[in-house]
Amino acid sequence: MDRWQAMRIFVKVADTESFAAAGRQLHMSASAVTRSIAALEDIIGARLFIRTTRSVKLTEPGKRYLQDCKRILADIAEAEAAAAGSYAAPSGTLSVTASVLFGQMYVLPIMHEYLKRYPAVNGRVLFVDRQVNLIDEGIDVAVRIGRLQDSGFSAVQVGTVRRVVCGSPAYFQQHGVPKTPADLRNHRIAASTGAWVSPEWRFARDQRVTIQNWLQSNTNEAAIATAIAGLALTRVLHYQIEPALREGKLQIVLEEYEEPPLPIHVLYTEGRQAPAKVRAFVDLAVGMLRGSGG
């Protein structure tokens, strides 16, 4: 028995004081209304109506039950309206994650614009160089670089990014320019242990080189700073060194040996059923990231 539906029928009979009138308003037969009220009375263990040939009146237990039913049905309606509202207009708190540098350079400006557009939303960003579990850590949207595992989440590709080897002009002047990946064995290498756990660097044409790190760090920023200082080469994602490339502080080498670019995805849960706050952020992020060229 659908208790919620039975309560609706009971309230309608009480308001109209008629099984037939309640049935017409609810698009039910009078016999179906009668059966529903009888079943409800059996569950409660009390008579709710006094029935005569001309009228239907509430009993004392029925009057008390009517007040409770109206309160319960009002609470349900309010909860449904609140839930529908969260899917109709962005509200609440939106949590977004990305890697540290990409998050600071690209995702944070998106969050700033998003919060300006939707003042009813509070933002939360988690920028870390590790894979974040969206469900366990309460994350609504993730921006991921690399090929995705089969997660069951919705994903929109917004661009690609190259993995590049780079160094400063001063370094190349002193130590020479590597012509092939194998030449890297004769150069100083600064690398982030967080980003490149394996000492083996892979390149196109199935070339692989085992690197002996001259300097290891736990951040990409430290490896890049070491390369800018002219002390070593490093291998990072292209966007991470864009400012240094524009300023002539770094140069890319071995471009012809680069692997295919890595995809960038906006990843989120719930697909088409995602709340408005998530759908609005995904739409904005896709537009801005594709516009930036990744």
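Buried means under 20% relative accessible area, exposed over 50%, and partly exposed in between (1.4 Å probe, protein chains only). The model is predicted: local features need pLDDT of at least 70, side-chain atom pairs count only at pLDDT 80 or more, and totals for chains, interfaces and linings use all residues. Residues are numbered from 1 along each chain as its sequence is written, and side-chain values use heavy atoms, with hydrogens and water left out.

**Overall form**
- The chain holds 9 helices and 14 strands, taken as DSSP runs (helices H or I, at least four residues; strands E, at least two) and numbered from the N terminus.
- The C-alpha trace spans about 105 × 35 × 25 Å along its principal axes.
- The radius of gyration is 32 Å, whereas a compact globule of 294 residues would have one near 19 Å; the value is taken over C-alpha atoms, and the globule rule is 2.2 Å times the number of residues to the power 0.38.

**Burial and contacts**
- Of the 294 residues, 43% count as buried.
- Among contacts (heavy atoms within 4.5 Å) with a separation of 6 or more, 72% come from residues 24 or more positions apart.

**Positive phi**
- Most residues other than glycine have a negative phi.
- Glu-17, not a glycine, has a positive phi of about 55°; Glu-17 lies in the loop between helix H1 (3-16) and helix H2 (19-26) and is partly exposed, at 40% relative accessibility.
- His-27 has a positive phi near 60°; His-27 sits in the loop between H2 and helix H3 (30-44) and is exposed, with a relative accessible area of 75%.
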